[in-house]
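Student: I would like to learn how to read aromatic rings in a protein model. Could you take me through this one?

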Amino acid sequence: MEERPPEKPVKQVSELDMLIKQISREKLPFKVPERLTRPDLLIVAAKESLAKLTDPNFPGMAVTAKGQLDIRVTTGNAGRALRFMDTLIKCVRARGYRYSVEADGNYIVIRQIKLRVNFRERTSRIRVHDKPYQEYEWQPNGNVVFRLDSRLKAEWQDLKTQLLEEQLPKVLAKLELAAKQEEEYLANARVWQDNWERQRKAQAEWDARQREELKGFKELIDRAKQWKQASLLREYLSAVPDPDSDWLTWARHKIDWLDPFVMAEDEWLAKTDRNDFL
């Protein structure tokens with residue numbers, strides 16, 4: 001009999017790949033146009049900034065103002081950045097997400113998860129010879145990238161067979177998966193925090209109980225010493241031959257003040273710690 005040929009291993013499809021296929025089939029405005037068409041108001045504001053603002057830390061770079069889309073590119077790539085971001089924002093909203101521009105950056109909000117994003121032109125470290133106090137500077141190299149820049153990170157750029165503009169289903173799928181992973185991370189963090197709080201509370205209660213136990217036991221020892229001292233003094237008084245009656249009254253009162261079972265008041269010892277006599 002002929003041996004049966006070994007079966008080829010079944011290729012496992014990742015959750016990301018399945019999500020990319022699912023999103024690709026949806027009727028979303030994935031195609032990035034060659035010209036801006038009915039741009040979002042965020043795009044209009046960013047376009048004005050890119051036409052007049054530059055980044056002093058990155059020579060040759062145009063930049064948007066704070067509170068606008070987070071874009072930093074050369075003027076030659078400004079149009080490309082604006083068209084990509086306009087299409088992305090429209091896809092984000094069509095997908096049911098929210099694009100939020102805040103004081104500290106841009107966020108794509110999926111359910112309750114905020115994912116920070118930005119659009120950049122890459123830079124290269126170039127040696128400079130005309131600046132006496134600077135040996136290198138970062139100069140734009142023409143390659144653009146869209147970035148997920150939260151706790152989870154990812155970036156998309158031109159590939160050999162696919163432009164950045166053709167990767168919007170990948171971008172949306174990754175963002176959706178990142179939001180899911182962040183939800184799981186936060187849920188696990190809450191469980192850890194709850195466990196830590198319970199342990200901290202239990203430890204605090206144990207520490208408080210230990211302090212009370214030590215305090216109570218010390219008081220017990222102190223009172224036993226006070227009683228022992230008072231008993232010794234009474235024994236001494238009984239051994240004193242022919243004591244003066246006034247002195248004897250005085251001594252007995254002092255002993256009653258020290259005795260933990262009597263604790264008589266004494267104006268002359270009111271601010272004195274009984275343990276000072278042990």
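Tutor: Gladly! Let's start with phenylalanine 119, which is buried, with a relative accessible area of 0%. Buried means under 20% relative accessible area, exposed over 50%, and partly exposed in between, using a 1.4 Å probe and protein chains only. Keep in mind that this is a predicted model, where local features need pLDDT of at least 70 and side-chain atom pairs count only at pLDDT 80 or more, while totals for chains, interfaces and linings use all residues. Residues are numbered from 1 along each chain as its sequence is written, and side-chain values use heavy atoms, leaving out hydrogens and water.

Student: How is a pair of aromatic rings described?

Tutor: By the distance of the centres and the angle of the planes. Rings of Phe, Tyr and Trp (its six-membered ring) pair if their centres lie within 6.5 Å; planes under 30 degrees apart count as stacked, over 60 as edge-to-face and the rest as tilted.

Student: How many aromatic pairs does that rule give here?

Tutor: The count comes to 4 aromatic pairs. In one of them, phenylalanine 84 and phenylalanine 119 are tilted, with 5.7 Å centre to centre and 50° between the planes. This pair links distant parts of the chain, 35 residues apart: phenylalanine 84 is in helix H3 (residues 75-94) and phenylalanine 119 in strand S5 (residues 113-127). Helices (H or I, at least four residues) and strands (E, at least two) are DSSP runs, numbered from the N terminus.

Student: Is phenylalanine 84 buried or exposed?

Tutor: Phenylalanine 84 is buried, with a relative accessible area of 0%. Phenylalanine 84 also forms a tilted pair with phenylalanine 146, at 5.5 Å centre to centre and 55° between the planes. Since phenylalanine 84 lies in helix H3 and phenylalanine 146 in strand S6 (residues 136-149), this pair ties together parts that are 62 residues apart in sequence. Phenylalanine 146 counts as buried too, at 0% relative accessibility.

Student: Which residues form the aromatic cluster?

Tutor: Phe84, Phe119, Phe146 and Trp156 form one aromatic cluster.

Student: And where does a charge sit over a ring?

Tutor: The rule asks for NZ of Lys or CZ of Arg within 6 Å of the ring centre and within 35 degrees of the ring normal. Here, the charged end of arginine 72 sits over the ring of phenylalanine 58, 4.0 Å from its centre. Lysine 114 lies over the face of tyrosine 107, at 4.6 Å from the ring centre.
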